Amino acid sequence: MPKDTITVRVFRFDPSADKEPYFSSYDVPFAEGMSAMNALDYIYQNLDPTLAYYDHAGCALGICGRCTGRVNGKPALFCQAMVEGDLVLEPLSRESVIKDLVVERRKQATA
């Protein structure tokens with residue numbers, strides 16, 4: 001039986017303001033069938049509007065890949081990663097962080 005709330009630890013880093021990355025923890029109501037993106041949406045809308053992450057109307061389709069990151073240490077799309085318990089959410093690479101979970105996307109060369 002799942003808990004009523006989960007703890008979501010989110011990678012935070014603003015290179016223009018922070019010397020080092022850190023994690024913020026949030027208690028989020030658990031709902032059956034929720035995704036990591038749903039947890040991020042709840043945090044942004046109800047707890048911390050300073051959180052930066054990719055969210056858009058087309059998300060939850062798993063097509064664009066903009067919301068790719070690490071969920072509990074494993075690469076995943078936040079919009080497709082189903083929540084089963086507490087989460088740790090972080091970018092795939094800390095090298096290209098613009099802010100929090102938003103990373104610079106490198107353009108692929110066309111042939």
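View 1. Arg 70 stands opposite Pro 75 in strand S4. Here strand S3 (residues 68-71) and S4 pair in the antiparallel sense, over four bridges. Strands are DSSP runs (E, at least two residues), helices are too (H or I, at least four), and both are numbered from the N terminus. Two strands count as a pair if DSSP finds at least two bridges between them. This is a predicted model, where local features need pLDDT of at least 70 and side-chain atom pairs pLDDT 80 or more, while totals for chains, interfaces and linings use all residues. Residues are numbered from 1 along each chain as its sequence is written, and side-chain values use heavy atoms, with hydrogens and water left out.

**View 2. The whole sheet.** Five strands make an open sheet in the order S2-S1-S5-S3-S4, with mixed pairing. S2 and S4 (74-77) are the edge strands, each pairing on one side only. From one strand to the next, the twist averages 30°.

**View 3. A helix over the sheet.** H1 lies across S1, S2, S3 and S5, and runs at about 95° to S2. Angles go from 0 to 180 degrees between N-to-C directions, using axes fitted to C-alpha atoms (for helices, over the stretch in contact).

**View 4. Inside the core.** The largest nonpolar core has 27 residues, and Val 10 and Leu 40 are among those with the most contacts inside it. H1 supplies the largest share, five residues. Such a core is a set of buried Ala, Val, Leu, Ile, Met, Phe, Trp, Tyr and Cys residues joined through side-chain atoms within 4.5 Å; buried means under 20% relative accessible area (1.4 Å probe, protein chains only).

Key: Buried means under 20% relative accessible area, exposed over 50%, partly exposed in between (1.4 Å probe, protein chains only). Contact means heavy atoms within 4.5 Å.
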